[in-house]
Amino acid sequence: MAVQLESLPFDPAAELARFESSLPVGSVGASASFVGTMRNHNEGDEVTAMMLEHYPGMTEKQLEEVIADAAQRWDIIDALIVHRTGNITPGDPIVLTAVCSAHRAAAFDACRFLMEALKSRATFWKKETLANGQQRWVENNTPG
Amino acid sequence: MAIKVKFFASLREQISEGLEQVDATGIQTISDVWERATQTQLMPERVLCSVNLEHREPHEAVSDGDEVAFFPPVTGG
């Protein structure tokens, strides 16, 4: 079970490969992952950049608790959350969640849970820069 | 005898001259910390709070040495 905050761009495929290769060979029957990337539009406006602020210490703790909750609810073998911080641009990966389990239901359901739980609990805040140079804080999460 | 205070994101920009530390004397709840740290600025409706890195409600108790944070709804992921 691991949580990683990345202040620079990360490669979800490479992170996923590293995560899966760390598991005992033959134990995993299912692997589910989700990657969230930055859009170039929000609420009808063109967005050119975004800053992801977080609360060092609390953010990691909340993400670890999200993984612990998933491990209590589903029979999972391992889980990973990677999340960006700092300045990002459209197309950049923001978040990767991944879950490995013996059977597919636990992997699918726990992976979805990690995303929804982190969106409501983990202390991150987005400030976006619009095409006209204006900056604004994102006030609400988009519905799933 | 002090409580550490942090403000994040839009709230940090909204609160003018928010204190990073307040004297713990007479402080019982998170709301008391807000009042002292912001010098009685009105608490916006959607403010969330934490004590020692755990989500809490404004009426909950704090102690000397705690770290209290105030922030808007989270928007990660």
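1. In chain A, A:V3 stands opposite A:I81, which belongs to strand 5 of chain A. Strands here are DSSP runs of E with at least two residues, helices are runs of H or I with at least four, and both are numbered from the N terminus.

2. Please keep in mind that this is a predicted model, where local features need pLDDT of at least 70, side-chain atom pairs count only at pLDDT 80 or more, and totals for chains, interfaces and linings use all residues. Residues are numbered from 1 along each chain as its sequence is written, with chains lettered from A and ligands numbered from 1 in the order in which they are written.

3. Strand 1 and strand 5 (residues 76-84) of chain A run parallel, paired over five bridges; strands pair if DSSP finds at least two bridges between them. Helix 2 of chain A packs on the sheet, touching these strands 1 and 5, and makes about 155 degrees with the direction of strand 5 of chain A. Angles run from 0 to 180 degrees between N-to-C directions, with axes fitted to C-alpha atoms, for helices over the stretch in contact.

4. The open sheet has four strands of chain A in the order 1-5-7-2, with mixed pairing. Its edges are strand 1 (2-6) and strand 2 (30-37) of chain A.

5. On to the partner chain: 21 residues of chain A are in contact with 13 residues of chain B, contact meaning C-beta atoms, placed from the backbone, within 7 Å. The predictor gives the complex an ipTM of 0.93 and a pTM of 0.94.

Key
Contact = placed C-beta atoms within 7 Å.
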